[in-house]
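Hi there,

Here is the structure I promised to hand over. Have a look when you get a moment, and then read on for what I found.

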Amino acid sequence: MNRVLPLFGIALLALTSCAKKDELAAGPDFPKKLQEALITAKPGAVIQIPEGRFDLDRELSLTTDSVTIRGQGMDKTVLSFKNQKSGSAGLLATGNAFTIEDMTIEDTKGDALKINGANGVTIRKVKTQWTGGPKETNGSYGIYPVQCKNVLIEDSVAIGASDAGIYVGQSRQIIVRRNRAEFNVAGIEIENSINADVENNTATNNTGGLLVFNLPDLPVQGGSFTRVFDNQVFANNTDNFAPKGNIVAKVPTGTGIMVMSTHDIEIFKNNLKDNETSNVSLVSYLTTGNPLKDPKYDPFVESIWIHDNSITGGGHKPAGRAADLAQVLGSPVPSIIYDGVMRPKSTDAKICISHNGDATFVDYDAAGGFKHPKHDIASHACELHALEAVKIDNAKAGQPTAKM
């Protein structure tokens with residue numbers, strides 16, 4: 001983790017955020033002036049980017065704490081990296097108490113917006129997109145905080161990422177709300193992270209709408225305690241265009257919500273509809289067929305409560321492994337599918353399913369070679385303790401940027 005300020009230090013920086021406001025002007029030297037403003041920014045700086053479309057050919061970077069980068073609107077300020085010659089990301093930020101808002105970053109060679117190791121991240125009304133449609137050559141991630149604390153992503157849009165449109169990895173204290181993810185491989189992904197609320201988002205036309213994963217061979221393990229609620233997750237049926245070898249390349253086209261190898265997850269009050277492989281899928285990493293060499297990794301999915309969702313349609317055109325298991329899964333594929341892989345000597349993984357209308361279910365017995373699938377949803381009619389709402393401890397990350 002990079003430099004992490006104590007919370008009182010972040011608050012002090014927030015109070016002095018009117019120290020300097022850089023208002024950049026459009027012109028042929030704009031790219032140079034923008035990078036200079038980022039390099040020379042002092043804590044509390046507000047870098048204003050004017051309305052217009054700006055072509056940049058190299059990665060931008062910011063290392064200073066407590067900086068705001070502000071455009072004039074998601075569709076009014078556009079940073080295009082279509083002719084990028086150096087670097088891979090569009091913008092790489094590592095400073096604490098970082099805010100970016102009201103702009104679009106598009107057609108980057110690699111990740112569009114990456115924030116690494118920051119305490120206090122606000123991403124508001126930012127669009128990341130690749131304008132050529134779903135392609136393997138698109139950048140991996142749109143909005144991409146990794147190894148961060150106190151992360152807020154709201155009212156933003158992610159389109160066309162070859163891995164995940166909105167991805168929060170190896171982080172904690174996360175709120176992802178009121179965003180739209182479309183035509184990505186994974187629309188929204190929470191990976192190896194602790195304490196996340198994913199709420200009121202729309203995920204459609206992705207390969208997989210919303211993923212909550214814990215993966216091996218990463219510095220931060222133990223992803224858990226995620227609430228997924230009040231989301232619209234429908235018609236995520238775009239063919240998987242991830243580069244071969246990526247874990248998301250194994251996500252079946254037509255996946256609504258997928259939970260892999262994590263625990264204490266609550267999925268409720270979502271509208272899931274017309275995801276043609278499965279609306280909800282629970283799976284152990286052991287079922288992927290990938291080798292597992294990380295001794296610290298826990299591959300099992302446990303303590304999942306799926307309740308009070310509207311789940312309709314879908315399951316009519318399964319893809320990937322689900323297509324191979326059509327006879328086991330049934331037709332259409334049930335609303336909620338579970339591989340049934342449990343911890344050795346365990347008899348109950350605490351998979352609870354309640355109050356989801358006419359939703360159907362199958363435990364397809366991956367551990368037993370798919371020989372004894374179970375369709376009895378009543379055997380999972382239990383309830384778990386509701387998870388607590390996530391609180392972001394950095395006041396700056398949870399409030400609109402002050403006007404000056």
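Below are my notes on the sheet, the disulfide, the aromatic pairs and one threonine.

First, the ground rules. This is a predicted model, so local features need pLDDT of at least 70 and side-chain atom pairs count only at pLDDT 80 or more, while totals for chains, interfaces and linings use all residues. Residues are numbered from 1 along each chain as its sequence is written, and side-chain values use heavy atoms, with hydrogens and water left out.

**The sheet**

Helices (H or I, at least four residues) and strands (E, at least two) are DSSP runs, numbered from the N terminus. Two strands pair if DSSP finds at least two bridges between them.

Leu 113 has Ile 143 in E11 as its bridge partner.

**The disulfide**

Taking a disulfide as a pair of cysteine sulfur atoms within 2.5 Å, the count is one. The bond joins Cys 352 to Cys 382, with 2.0 Å from S to S. The link of Cys 352 and Cys 382 is left-handed, at -105° about the S-S bond. Cys 352 sits in strand E30 (residues 351-354) and Cys 382 in the loop between strand E31 (361-363) and helix H5 (395-398), so the pair ties together parts that are 30 residues apart in sequence.

For accessibility, buried means under 20% relative accessible area, exposed over 50%, and partly exposed in between (1.4 Å probe, protein chains only). Cys 352 counts as buried because its relative accessibility is 2%, whereas Cys 382, at 29%, counts as partly exposed.

**Aromatic pairs**

Rings of Phe, Tyr and Trp (its six-membered ring) pair if their centres lie within 6.5 Å; planes under 30 degrees apart count as stacked, over 60 as edge-to-face and the rest as tilted. That rule gives seven aromatic pairs. One of them is Tyr 285 with Tyr 297: the ring centres are 5.5 Å apart and the planes at 80°, so this pair is edge-to-face. Both Tyr 285 and Tyr 297 are buried. Tyr 364 and Phe 370 form a stacked pair, 6.2 Å centre to centre with 10° between the planes. Tyr 364 is buried at 8% relative accessibility, and Phe 370 is buried at 19%. Tyr 141, Tyr 144 and Tyr 167 form one aromatic cluster.

**Thr 77**

What surrounds Thr 77? Contact means heavy atoms within 4.5 Å. Not counting residues up to four places away in sequence, Thr 77 touches Ile 49, Pro 50, Glu 51, Gly 52, Gly 71, Gln 72, Asp 102, Met 103 and Thr 104. Thr 77 is placed in strand E6 (residues 77-80) and is buried, at 0% relative accessibility. A polar atom of its side chain lies 3.0 Å from the backbone oxygen of Pro 50.

Happy reading!

Key
A polar contact is a pair of N or O atoms within 3.5 Å; within protein, one must be able to donate a hydrogen and the other to accept it, and residues adjacent in sequence count only if both atoms are side-chain atoms.
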